[in-house]
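Hi,

Here is the structure I promised to pass on. Have a look at it first, and my notes follow below.

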Amino acid sequence: LVRIINKIVGAGLGDRLRAAAKILRIVWGILVYNHLVCCAWCFLGRAAPSDTGSRWLDLSPPRFRNYNGEHEVYGEYPPGYLYLVAFHWTLSQMTPGNIDVIPSNSIERLFNILLLVVGLLFCSMIVSLFSGQIMQ
């Protein structure tokens with residue numbers, strides 16, 4: 001698929017369209033990476049062993065209460081909402097964004113640290129790629 005896209009991009013497109021196609025490819029790669037990390041984060045919240053007895057899905061979102069006035073936990077929300085929360089979390093690990101979801105055991109914290117380091121390197125690479133495209 002990548003080879004086909006490269007042939008299409010390289011064949012007869014103007015410089016601006018070629019640069020736009022490269023940028024779209026980078027954005028697509030970022031979205032796919034975040035989807036995979038999002039799925040791993042959800043897996044950790046559901047199935048990974050916990051040394052503290054809790055996972056991020058056991059935490060209560062701030063300012064959220066059910067109709068009885070009790071705190072709900074992330075694990076009680078529908079899967080679509082959980083996916084969006086996890087996707088938002090993965091994006092916030094790559095950028096200076098903020099989210100109220102926090103790791104609550106050692107495995108989740110280690111995963112978070114790894115993603116922060118990868119996010120720092122990844123953002124540096126993205127800035128470099130975009131700068132290179134602008135300079136060409």
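I started with the aromatic rings: the structure holds nine aromatic pairs. Rings of Phe, Tyr and Trp (for Trp, its six-membered ring) count as a pair if their centres lie within 6.5 Å, and the planes make the pair stacked when under 30 degrees apart, edge-to-face when over 60, and tilted for the rest. One of the pairs joins tryptophan 56 and tyrosine 74, with ring centres 5.8 Å apart and planes at 55 degrees, so this pair is tilted. Both residues sit in the loop between H2 and H3, 18 residues apart, and the pair links distant parts of the chain. Tryptophan 56 is buried at 0% relative accessible area, and tyrosine 74 counts as buried too, at 5%. (Buried means under 20% relative accessible area, exposed over 50% and partly exposed in between, with a 1.4 Å probe and protein chains only.)

Tryptophan 89 and phenylalanine 111 make a stacked pair, 6.3 Å centre to centre with 10 degrees between the planes. Tryptophan 89 belongs to helix H3 and phenylalanine 111 to helix H4, so their pair ties together parts that are 22 residues apart in sequence. Tryptophan 89 is buried, with a relative accessible area of 1%, and phenylalanine 111 is buried at 17%. Ring pairs also link Trp41, Trp56, Tyr74, Tyr77, Tyr81, Trp89 and Phe111 into a cluster.

Before going further, a word on how to read this. It is a predicted model, so to speak, in which local features need pLDDT of at least 70 and side-chain atom pairs count only at pLDDT 80 or more, while totals for chains, interfaces and linings use all residues. Residues are numbered from 1 along each chain as its sequence is written, and side-chain values use heavy atoms, with hydrogens and water left out. The pLDDT (the predictor's confidence in each residue, from 0 to 100) averages 82 over the protein chain, and 81% of the residues score at least 70. Where pLDDT is low, the predicted coordinates should not be read in detail.

On the overall fold, the protein chain has four helices and zero strands. (Helices, H or I with at least four residues, and strands, E with at least two, are DSSP runs numbered from the N terminus.) Of its 136 residues, 29% count as buried.

What about disulfides? The structure holds zero of them, a disulfide being a pair of cysteine sulfur atoms within 2.5 Å. For cysteine 42, the nearest cysteine sulfur is that of cysteine 38, 4.6 Å away. Cysteine 42 is partly exposed at 21% relative accessible area, and cysteine 123 is partly exposed at 26%.

Best wishes
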